[in-house]
Amino acid sequence: MPSRASRAAPAAPEAVLSSENRAVKRLRQLAKKREPGLTLIEGPRVVAEAAARGVRLELLALRKGSESSIPAERVIELAPRVFSALSQTVSPQGVLAIGAVREFSVPEALAAARAAGWPLLVLDGVQDPGNVGTICRSAVAAGAPAIAVLGGADPFSAKAVRASAGAVFGLGVARGTWAELATVRGLGATPRGGADIRRLDLGGVDVLALGSEAHGLSNPRLGPVTIPMQPGAESLNVAAAAAVLLFELRRRLS
Ligand SMILES: C[S@@+](CC[C@H](N)C(=O)[O-])C[C@H]1O[C@@H](n2cnc3c(N)ncnc32)[C@H](O)[C@@H]1O
């Protein structure tokens, strides 16, 4: 979720040629280690999506020759070699931004889910930022209001943000631990042996958790729930499982 809507008018870019410029150093620092409340967003579409969802852009960095009318507090134009050194993608598209995000607490995310009549989607140690971002994208598409990420990949890392196509900014996103959800009634998605999701009564369910790629769920208190698969299939990719579960929830909740 955005920290607040951006109202800044597009500004003329300031030309930056040196990699020792302060704004460049800040972008470099954020690429190495994210600061709470800030995220690095790369690519014209993802940056535009973030702005459309009300993310305040502190800084918009354009590679010389790239154009953008996305509103930001400060716009700089970087020499191509300076831009390339900052980019985290194989084929940089010339647009990079620092966005201010509001990170929810776990109780806030739970309250947001409850208010919308949804269980809180929980990611229990999902390691791959691509999977985390893809799950956020599916969650927004299905109408889920909030997600709690317990360990694993940072949902506001540049890679997860890209994989979400900016949808992560349309969710209430919390990071925390199971201790903060100790009293809730939860379901845990597991590849084998759980109740069939298609027949399960979802009434009173506070949380639906998905486990890590390698180890599955870490919380043994969850009621197991399974997407039935053909004999011989071991498991689904966690993002694929999340999509199936989210749209089953949407079907049942609407
Ligand atoms: C690759 S699987 C984990 C495999 C792990 N070795 C295990 O046995 O749990 C990653 C996550 O996707 C979800 N998942 C995968 N297949 C599923 C299925 N058929 N039904 C429900 N959840 C599934 C579960 O949450 C699981 O923890």
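I take contact to mean heavy atoms within 4.5 Å. The model I am reading is predicted.

**Entry 1: a pair of helices**

I first looked up which residues of α5 meet α7. On the α5 side I noted Asn131, Thr134, Ile135, Ser138, Ala139, Ala141 and Ala142. Their partners in α7 are Val238, Ala239, Ala242, Ala243, Leu246, Phe247 and Arg250. I then sorted the residues of this contact by class and recorded 10 nonpolar, three polar and one charged.

Next I turned to the geometry of the pair. Two packed helices are described by the angle between their axes and the distance between the axes. Helix α5 covers residues 129-142 and helix α7 covers residues 238-253. I found an angle of about 15° for their packing, and their axes lie 9 Å apart.

**Entry 2: the largest pocket**

I then asked where empty space is left. Rolling a probe the size of a water molecule over the atoms shows this. The largest pocket holds about 420 Å³ of space. I counted 22 residues in its lining. Nearest the centre of this pocket I listed Ala189, Thr190, Pro191, Ser235 and Leu236.

Which elements each supply at least two residues of the lining of the largest pocket? I recorded β11 (207-211), β12 (223-226) and α7. By class I noted 12 nonpolar, eight polar and two charged residues in the lining of the largest pocket.

**Entry 3: the second largest pocket**

I moved on to the second largest pocket, where about 150 Å³ of space lies. I listed its lining as Arg22, Ala23, Lys25, Arg26, Gln29, Glu58, Leu59, Arg74 and Ile98. Two or more of these residues come from α1 (22-32), and two or more from β3 (56-63). Helix α1 provides the largest share of the lining, five residues.

Among the charged residues I marked Arg22, Lys25 and Glu58.

Methods. Residues numbered from 1 in each chain as written. Predicted model: local features only at pLDDT ≥ 70, side-chain atom pairs only at ≥ 80, totals over all residues. Heavy atoms only, no water. Axes fitted to C-alpha atoms, helices over the stretch in contact; angles between N-to-C directions. Helix = DSSP H or I, 4+ residues; strand = E, 2+ residues; numbered from the N terminus. 1 Å grid on protein atoms, 1.4 Å probe; cavity = no way out; pocket = protein on both sides within 12 Å on 5 of 7 lines; lining within 4 Å. Points joined across faces, edges and corners; volume = space filled by probe spheres on them.
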